[in-house]
Amino acid sequence: MKHTKKNIIKACKITHTLAYLSFKCGVVVELVTTLACHAGGRGFKSPPSRHFFCLQFILALLSWHNYSVGLPQTIKNKPNETSSSPSLTVIAKKDDVYSFSQERKDKYHFRLNGTQVLYFGADIEIMKTILDSLKIEYKLQIVSEDEIKPMLSSGEADIALGVEKTDLIKNVADFPKTPLRSKYYFFYGRSQEAKSTIMTYKNALAHNYTVGILVGYLYPQSFWEAFPYENLVLNSHIVEERDYEDHIKKLKQKKIDLFVGDKDLVRMAIQKLEASGDVYQYKNILYWKDFYSAFSKKSKFKNLDTAKEQIKKSLYNMQERGQLKEINDFWVEQKK
């Protein structure tokens, strides 16, 4: 009997200490525990059911306290590290027309609703328009071209803007059917020598023309089939330059006959050099490239499937209404 009393007293002291440490949950816990312990300690006849009831009462209050204010950091459940991201991370390669960052200028206000964003360009405006209308939270980031695939592959980025649909990117990202923009490529030649409004690879080869291309640019397979490498070096008909301005200068100096160019960017270079009377644009399209918004297959954004479908539908609707063309044309004009 004496041994039983000692055990009861010891248990009550432990319970008393726990109640004291959890004092924030209320003085009632302290009071009930102390009274119960004193009753057992003085040798009063205290049925086991009373102690059991008191213990249950205390544990219930402690559970309520922990639910209300949270357990101490040392025993609190750790947050789920694989939980969904609350906002989309949108990345884009730096481009003077389609995606760039700088301090805000007044002329951009009406295109970006006067907000304090530091990101501009056609691709940025298109995606911003869509995400704002869908009330989807997002953050923007300008990255280098080399960072796009790794960020999509790891899920660090949810969407990449202005991306070509290459096999490497298709392995790590999904693409909508509607591109952000399509770039048309033409041959350009001296107007006074142009005998036709059409120029093809076959025509260029037949006339033995020298053709200018950009260093490191990815031209389509059809181009390299027409101008294949000769002994592992560039075809003798091909001359590489770093930008369209150099092409125009060489065209005026009669060092090349034609060059392959992006319609909008070449137009900008022509106006900058005041060379509108020296360059002729052939009417036929040699080929075009589409640039898309790519969705990471490893994205951690919550409800990603729903968001993707909404964005795809919005892109299609903007294309049908002519908004994509309007936005792209605006930013090309701004950069002239």
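At 27% relative accessibility, Y217 counts as partly exposed, whereas Y185 is buried, with a relative accessible area of 1%; here buried means under 20% relative accessible area, exposed over 50%, and partly exposed in between, with a 1.4 Å probe and protein chains only. Both residues belong to a predicted model, in which local features need pLDDT of at least 70 and side-chain atom pairs count only at pLDDT 80 or more, while totals for chains, interfaces and linings use all residues. Residues are numbered from 1 along each chain as its sequence is written, and side-chain values use heavy atoms, with hydrogens and water left out.

Across the whole structure a search finds 19 aromatic pairs, a pair being two rings of Phe, Tyr or Trp (its six-membered ring) whose centres lie within 6.5 Å, with planes under 30 degrees apart counted as stacked, over 60 as edge-to-face and the rest as tilted. F100 and W331 form one that is edge-to-face, at 6.1 Å centre to centre and with 80° between the planes. This pair links distant parts of the chain, since F100 is in strand 2 (residues 100-101) and W331 is in helix 12, 231 residues apart, and both F100 and W331 are buried. The rings of Y185 and Y217 have their centres 6.1 Å apart and their planes at 50°, so this pair is tilted. Y185 lies in strand 7 and Y217 in the loop between strand 8 (211-214) and helix 8 (221-226), so the pair ties together parts that are 32 residues apart in sequence. Y185 and Y217 also belong to a cluster linked by ring pairs, whose other members are F187, Y201, Y219, F223, W224, F227, Y229 and Y287.

Arginine 181 is placed against two rings. The charged end of R181 sits over the ring of Y98, 3.7 Å from its centre, and R181 also lies over the face of F291, at 4.4 Å from the ring centre; a charge sits over a ring if NZ of Lys or CZ of Arg is within 6 Å of the ring centre and within 35 degrees of the ring normal.

The next topic is the open space. Rolling a probe the size of a water molecule over the atoms shows where empty space is left. A pocket is defined on a 1 Å grid over the protein atoms alone, as an open set of points where a 1.4 Å probe fits, with protein on both sides within 12 Å along at least five of seven lines, and its lining residues have an atom within 4 Å of a point. Grid points are joined across faces, edges and corners, and a volume is the space filled by probe spheres set on the points. About 1,300 Å³ of space lies in the largest pocket, and of the 39 residues that line it, the closest to its centre are K93, D95, E145, Y217 and L265. Among the elements that give two or more residues to this lining are helix 5 (145-154), strand 7 (181-189) and helix 10 (263-273), and the largest share, four residues, comes from helix 10. By class, the lining of the largest pocket has 17 nonpolar, four polar and 18 charged residues, where Ala, Val, Leu, Ile, Met, Phe, Trp, Tyr, Cys and Pro count as nonpolar, Asp, Glu, Lys and Arg as charged, and the others, Gly among them, as polar.

The second largest pocket holds about 360 Å³ of space and is lined by 15 residues, of which R181, S182, Y184, K325 and N328 lie nearest its centre. Strand 7, helix 10 and helix 12 (323-334) are the elements that give two or more residues to its lining, which divides into five nonpolar, three polar and seven charged residues.

S182 is found in strand 7 and is partly exposed, with a relative accessible area of 27%. S182 and W288 are 106 residues apart in sequence and 6.6 Å apart in space, C-alpha to C-alpha. Leaving aside neighbours within four places in sequence, S182 is in contact with K289 and D290, contact meaning heavy atoms within 4.5 Å.

For the chain overall, there are 12 helices and 12 strands, which are DSSP runs numbered from the N terminus (helices H or I, at least four residues; strands E, at least two). Of the 336 residues of the protein chain, 39% count as buried.
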